[in-house]
Structures are given as structure tokens and as C-alpha cells.
Amino acid sequence: MPETDAPPAQERQAVTSRAGQATVLQRYAGVLVLLAMIAIFTVISPDRFMTYNNWIGIFASSAILGILAVGLLAPLAAGVFDISIGGAMTVAVVGVTYLFQITGGDFPVPLAILVVLLGAVALGLFNSWLVVNKSVDPFIATIGTGSLMIGLSQLLANGTTIADDIPTAFTDFGRWQLGRIPVGVFILVGLCLFAWYILQCTPFGRHLYATGAAREAARLTGIRTTRVLRIAFICSALGAAIAGIVFAARLGSGPPSIGDGYLIGAYSAAFLGSTIIRPGRFNVEGLIVALLIIGVGVNGLQIAGLPFWVVQTFQGTALLVAVLLGRRKGRR
């Protein structure tokens, strides 16, 4: 019988078992980190952290960031950046309140929301036109359009916060609660379910991931990558617009520089989420865990007495950790 270098069956089974355990650990490491954070903050501040009101606060503060981030999953899954979401959210906040102000509060609320959503679709189409038809780098193109949106917001608001003639029906919508859970959380849950179904259960979701993995190869197999990118940019713009509408309705005013503060947080959640549950893919389940990690982390550190700058620092750290973990997996 000829000799062979193949390892014995038991050794191969042991290697396969260790690889499987490592994969499971990698998929759920973020969940374990979240549970560890909850345990630590509970021990540090049991009377403040593990309370119903505090958890409602965590969910409420994560809702708008989550709505922005779930829309961002589409272009990231398709392999392109959309930096304009901060400007898109800002112009949505200012735009919807501006419509009320110039009409003395008589502009119909559903029509104002529809106008802002149609504006978001136009922004998504413009971004995709720059990237697909004019071959502009997505990063550069969306930085430019995001800056344009910020400038437009400053023009509409004349450099001040719009707070006059906001209809009660609009603020009632933004401040509606069920069991003290704000409406933004329910909108986020609905969008997450919709995004999960699209990404995991439809041909378009598979086309989105295929375009992100290798756009030219996907095109050669018959996938309409131009159409995929166009829809992806529309999704991120719509997510930003919905986040802006919910924010403006909850606040009852339109500050002209709010979106930039959410940009890093949305990218941190999306990239951190891509290392959890389905490592290597931008996925909804991972995004939810990442949002909770960021929300619990910021909340717990603030309760522990750390100052206001902890929010940006924690979000930036989460983004760097997620990118480094992604590069490590890519090298493997």
C-alpha cells in the first residue's frame, strides 16, 4: 500500500472541529461582548443602569442612528460608500420644517413627508448618476453631494434653527409612544425586518452582495449592476430622509447641522455589524447587535461619570476596531 502524507481521520476531525468552534466564536463574539458590557455596567451602577427608563433611553437614542445605518447597508453591501447621508439627513430635518414655516404651519404633514422622501430619491439618483454614468469615485462624489446638502440646509434655515409654525400633528407623530417606547424604535424594527427580508430572501439581495464582491464579474454573469447601484444609493438616501423626519418630528424644530453628528455613528454600527453573526457581510442581525454595543457602551460610560466627549470617542473606536477586524479576516 503506498504511503500518503494525508493526516489521519481523527486528526482531520479535530482540525475541522477546532475550525468550526473558531467560526462560531467569531460569529457571536459581538454578542458576548454586549453581554459582558451589560454585566459590567450592572455591577458598577445597578440602581441606574439596569432600569426600565434607562433601557428605554438606550433604545430611543439608538433608533435614529439605526434608521440611518440600516439604509447605509445597501450601498456598503454593493461595495460603495455613501458619505452624503449626513447631509441628506440634515436637509431632511431642515426641509420638512421649512415647508411648515413658509406656509405658516398650513402645509399638510403627509405631503411634507412625501416631498422630503421624493427629494431623497432624487439625491440617490444623482449620486448613482455621478458614480455609474460619470465614473466618479463614490467616496468623492458623495462627499460633494453631502456638502451640497449641508449648504442647501444652511440656505433654507438662514443659519438658524427653524422652530416656528411646526404643526402639532407633526410633533405628535414624532413623540408618540407605546409603553414609553418611542415611535422611532418601531420604525427601526420595521425597516430592519424589511432590509433583512430583502438581503436574505430575494434575488436582489444576492445581486447586491454579488455586486459588492466583484462588480465586473457580476455584470458578466448578467446582473444589472447599474440598476443595483442606483437602488442602493436610493435606499441610503431614503434611510437618511426617514431618520431626519423622525428627528425633526421628535424635536419639533430643524437645526441646520445635525446630520454630521450621526455620520460616524452610522458607519461604526454598519462596519462593526459586518463582523458579527455573518462576518464579512454587511448584515441586519449584526447591525442590531452593533447598535446595542454602541448604545450600551456610551450609556454605561456616561452613567459611570465619563464626560460628553465619550460618545464620539466610543463610536470612532468601534469603527476602527471593526475595520481592523475586517482586514484581518480579509487576509485569512
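## Exercises on a predicted helical model

A213 lies in helix α8, which covers residues 203–213, where helices are DSSP runs of H or I with at least four residues, numbered from the N terminus. The model is predicted, so that local features need pLDDT of at least 70 and side-chain atom pairs count only at pLDDT 80 or more, while totals for chains, interfaces and linings use all residues. Residues are numbered from 1 along each chain as its sequence is written, and side-chain values use heavy atoms, with hydrogens and water left out.

**Exercise 1.** Decide whether A213 is buried or exposed, and find how far A213 is from V24 in space.

*Solution.* Begin with the cut-offs: buried means under 20% relative accessible area, exposed means over 50%, and partly exposed is in between, for a 1.4 Å probe and protein chains only. A213 has 69% relative accessibility and therefore counts as exposed. Next, take the C-alpha atoms of A213 and V24, which are 23 Å apart, although 189 residues separate the two in sequence.

**Exercise 2.** Compare the 25 residues of α4 with the span that they should have.

*Solution.* First, recall that the expected span of a helix is 1.5 Å times one less than its number of residues. Then turn to α5, whose 20 residues reach 28 Å from the first C-alpha to the last, close to the expected 28 Å.

**Exercise 3.** Describe how α4 and α10 pack, and state what surrounds the buried residues of α4.

*Solution.* Two packed helices are described by the angle between their axes and the distance between the axes. Helix α4 (residues 109–133) and helix α10 (residues 225–251) pack at about 145 degrees, with their axes 8 Å apart; axes are lines fitted to C-alpha atoms, for helices over the stretch in contact, and angles run from 0 to 180 degrees between N-to-C directions. By class, the contact of α4 with α10 has 17 nonpolar, five polar and one charged residues. Here Ala, Val, Leu, Ile, Met, Phe, Trp, Tyr, Cys and Pro count as nonpolar, Asp, Glu, Lys and Arg as charged, and the others, Gly among them, as polar. Among the buried residues of α4 are V116, A120, L123 and N127, and the buried residues of this helix pack against α3, α5, α6 and α10. On α5, the buried residues include T145, M149 and I150, and their cover includes α3, α4, α10 and α11.

**Exercise 4.** Name the residues that touch the most other members of the largest nonpolar core, and trace the contacts of L208.

*Solution.* A nonpolar core is a set of buried Ala, Val, Leu, Ile, Met, Phe, Trp, Tyr and Cys residues joined through side-chain atoms within 4.5 Å. The largest nonpolar core has 89 residues, of which F170, L208, Y267 and V296 touch the most other members. Leaving aside neighbours within four places in sequence, L208 is in contact (heavy atoms within 4.5 Å) with A74, A77, A78, L199, V228 and A232.

Key:
Helices (H or I, at least four residues) and strands (E, at least two) are DSSP runs, numbered from the N terminus.
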